[in-house]
Amino acid sequence: MPATRHKNIRIRMYRVGFGDCFLVTLPGAGAKPRQVLIDCGVHPRGDIKTMGDVVTNICAETGGELDLIVATHAHQDHLSGFGGFAQKFRAMKVREVWLPWTENSGDAAAAALKKKRLALVEGLARHFAAVRDPRYQAVNAALLNLRGNDAAFALLKSELGAALAYREAGQHISDAAGIKGLDVEVLGPPRDKEFLARMDPPASERYLRAAATGAGESRSLAPFPPKWNYKYDTPPLSDADLEYFKELADESGEALAFALTQAVNNTSIVMLMRYGGHAMLFPGDAQYGNWQFWLERKDAAGLLAGVSFYKVSHHGSENATPRDALDRMPEGKFAAMIPTQDTPWPSIPYSKLMAAVAKQTGGRFVRSDSISVHGAPAGPAAPHLPEGFQEGQLWYDYSMAVETA
Amino acid sequence: MPATRPLKIYAFDPTRGRKLNNYMTANVRYEPVKPGPVGEYLAVIDYDGANDRYYRPVDLDHPDVMIGGGLDPSESDPQFHQQMVYAVIMETIKRFEFALGRKVKWARDSSPKRDPYHGKLRIFPHGIEDGNAFYDPALRGIVFGYFAAGRSGVGANLPGQTVFTCLSHDIIVHETTHALIDGLREKFTVSTSADTAAFHEAFADIVALFEHFSYKEAVADAIERTGGYLYSAQLDPDVAARGAGAGIMAEQPQANPLIELARQFGDALGMRGALRSALGTRPDPTLLEKITEPHERGSILVAAVFDAFFSIYLARTRDLMRIGRANGAAGPGLHPDLTNRLAAEASKIAGRVSTICIRALDYCPPVDITFGEFLRALVTADYDLVPDDPHGYRAAFIEAFRARGIVPEDVTSYSEEALRWSPPEIDPKQPLKPCRGLRLDMFGDANPQRDSRNAAVLHGWASKNPAPLGLEPGETFQVFSFHPLHRVGPDGRVCFDYVVELLQRRDEKLDPKDPKSEIFPFYGGSTVILDRLGKVRYAVIKRIGNRRRLERQRAFLEGGARGSAAAAFTGPRPFDGLSFASIHKGY
């Protein structure tokens, strides 16, 4: 329906599995609509093998021309499509690429942080791969998500011939990417010292060591020479005690892995896109620490009250949409989309948040996993779509009429 | 039998070297010990979980060890580590027993009686390779970690050197205090509001910080280098800098070790300085509303207590300072006699303030502690010991808490009378009869028969008088703990009271409208203080039927109280107790 398309903003959420891929089509001033792609990735453990078709559809829909690509943060489930289908993206004409400032290798603080983080991830990944315990599935999935983004970044940073911009909280871009009337307010990631400190969980030299030596299961520091070792006739600890200590070591690595994952989620570009009288909030995977930073702003309540579309953060996980933020969005007056599925982490999406989103939007929301894909984890069926939504082969569209003055 | 056993320890941690009287001897109360050391209260078990091995346990009774007054301080000798954790924990226990006037007990121990460590707290000086140390009730023990310092920005540490949390005096006292609080108020680990976790942390910091002031040499040194102003963040350098900027080491000022915690640990993790400090937040009554992270919130309480301490110190030493000035002590440097007098005052006051805080624990409600209630407990406890408050201790506390916005609920004013706990409200038609038949024991000797008899007497009495004791009639309750408590009566005589914890529990739905809602345990009950004749002096009540309290707890639990980085991926933790291992990496 090309006729309506030109008058509407259309937000297309693709079903990629566990990941984000959004194509926002704006009517534009001229004959051609303008295209913004926000993320294109799927988690290796939540991949339902639709990415190829999705990228093909993006090419077809846009005629091979993208005005702007926003890659919100350095996780596979937001980037893998750029790496895996680099060939197709290289053939497209891309005007501008936005990355969070934390990916800027020219920024000394950001680069140092990233180097350390990747070394830790490497050590942790090797450790948990060697432990081979089903208990650590969740942490292995988190670590997997943090690695292997080099191809995607290479493409986005230099192979598209696009103008590259690093985004940080506080920036305000009018006519973004040359799209007249597109006004973007960047709410995150912040750039202050305190935020950086939070991005940097207390490192464990143990895992850095594992990364440096290339060892599998991380080896412990030996604090004392063997002459101090001692054998008891009757050991003072029971088997249960010994098991406790064994788990303890892995738990601390596990906590670190999740802390790193959350830290990267919090580098997400959070942007409020204003166009044609609508305000669309795309927070990437921002979790608590990132939201908190800008929710303290005086105008935060006003920003949220004016939202007409919300992309639910971090696949609807437990701490990714602060309750008071959702409460401040205009009840029954905005729509939401949730790119999610219950694999690889059964606790995502968080059922309470799903219920809260349903209530606050007055039922005007969809979950990507409601689109049925053969062999893929099935979400709740959505036989009757709320007003403004349409189902496609591998996607949901949400359209909003553009107000004309 | 000797009265004490001298053992060498670090007063702070190894990075201080011999400076600031860091090598010191603790005169630990004597008890016979087995290799470990394993004594009456403690079993030091040097199991290294990361390397799955035991280290040779120290035998403190070996003549070579005894003749030297314990092993010499050394980072490379695990047996010195065992000695130090043993000595510092025993000193902390002594501090509590002195304040409470009775033997301390650890929290309930589910291990079988034949377990050789039954009833003892197990101490693992090198339990884990991690920048962490924690008390875990499930393990019945304290685990200390060791870890490699970072590669840069590690302060006085060598880059990459091994740092032992079990050699940090502060960390040892902090974790021991967690265990001691757990023995006194076991349900304080149930997270019911932003204050509960913060209280545990704050109290552990308070005890650790006041321990610094019991070392007279360190205090005297700090007094000399601060011109008597003990609360200064920095000590004066050995010599004043000549020319522009400090050129030699002796010209550089150092941080005041008395008011900071775990410097080596903080340095090694690249935090640039101590982990936390006693002061450092300006009194801001609005902070309490904003800050919920347990350590940060706890630091408000720590600052309030230290503010009170320094106010008392200044008031009590003003005359000394005046005498000093009158004798022409102009310019930098105090007369050594004055320094010693000031140090003696500071130590004495610190001991008193720390005692007041510890005694207050007996006057706290059994569950759901808030900072405001701690103030009330503190005022009441101190009133019971020193009824007339000649030196203004309580006034100083009240003032310092007020400045930080710590507001007790249901209190009409910040006056001492209003803050003191009161006896229960009694319906005049149904007077509350005293609890008769209790057998008091002021020495705390273990006597299971007497204990179970007293429990039965208390239970029988409370079930006849549920309402005035804060219990919901018709619902089961537990006599959770009871023990004697001493105070000084108005006539100056020492009296003995009885502290009793009564506890009720309901399973409540997190979301009352959802039939499949998660369930959490909701506790209520009271702390009752009886006099020698069984008459109720105070009842500190947390009713289980209090809807407002229930709603508040619900809101707290719903509001991401269990939120951690892992929660999003593994689901929220079940509603069991606090996990000290995971509260911001334990220490």
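Reply: Start with the head count. Chain B puts 50 residues into the contact, and chain A puts in 39 residues. Contact here means heavy atoms within 4.5 Å. A word on the source: this is a predicted model, where local features need pLDDT of at least 70 and side-chain atom pairs count only at pLDDT 80 or more, while totals for chains, interfaces and linings use all residues. Residues are numbered from 1 along each chain as its sequence is written, chains are lettered from A and ligands numbered from 1 in the order in which they are written, and side-chain values use heavy atoms, with hydrogens and water left out.

Now the area. The size of an interface is often given as the accessible area lost when the parts come together. Between chain B and chain A, about 4,100 Å² is buried, and carbon and sulfur atoms give 63% of that. Buried area is the accessible area (1.4 Å probe) that two parts lose on being put together, summed over both.

The rule finds one salt bridge across the interface of chain B and chain A. A salt bridge is a side-chain nitrogen of Lys or Arg within 4 Å of a carboxyl oxygen of Asp or Glu. Arg122(B) and Asp241(A) meet in a salt bridge through their side chains, at 2.9 Å from N to O. Eight residue pairs, both at pLDDT 80 or more, are in polar contact across the interface of chain B and chain A. A polar contact is a pair of N or O atoms within 3.5 Å; within protein, one must be able to donate a hydrogen and the other to accept it, and residues adjacent in sequence count only if both atoms are side-chain atoms.

Which parts of chain B supply its side? Several elements each supply at least two residues, among them helix H2 (78–100), strand S6 (121–129) and strand S8 (141–148) of chain B. Helices (H or I, at least four residues) and strands (E, at least two) are DSSP runs, numbered from the N terminus. S6(B) gives the most, with six residues. By class, this side of chain B has 25 nonpolar, 13 polar and twelve charged residues. Ala, Val, Leu, Ile, Met, Phe, Trp, Tyr, Cys and Pro count as nonpolar, Asp, Glu, Lys and Arg as charged, and the others, Gly among them, as polar.

Last, strands pair between the chains. Strand S9 (residues 229–230) of chain A and S5(B) run antiparallel, joined by two bridges. Two strands pair if DSSP finds at least two bridges between them. Tyr54(B) in S5(B) stands opposite Tyr230(A).
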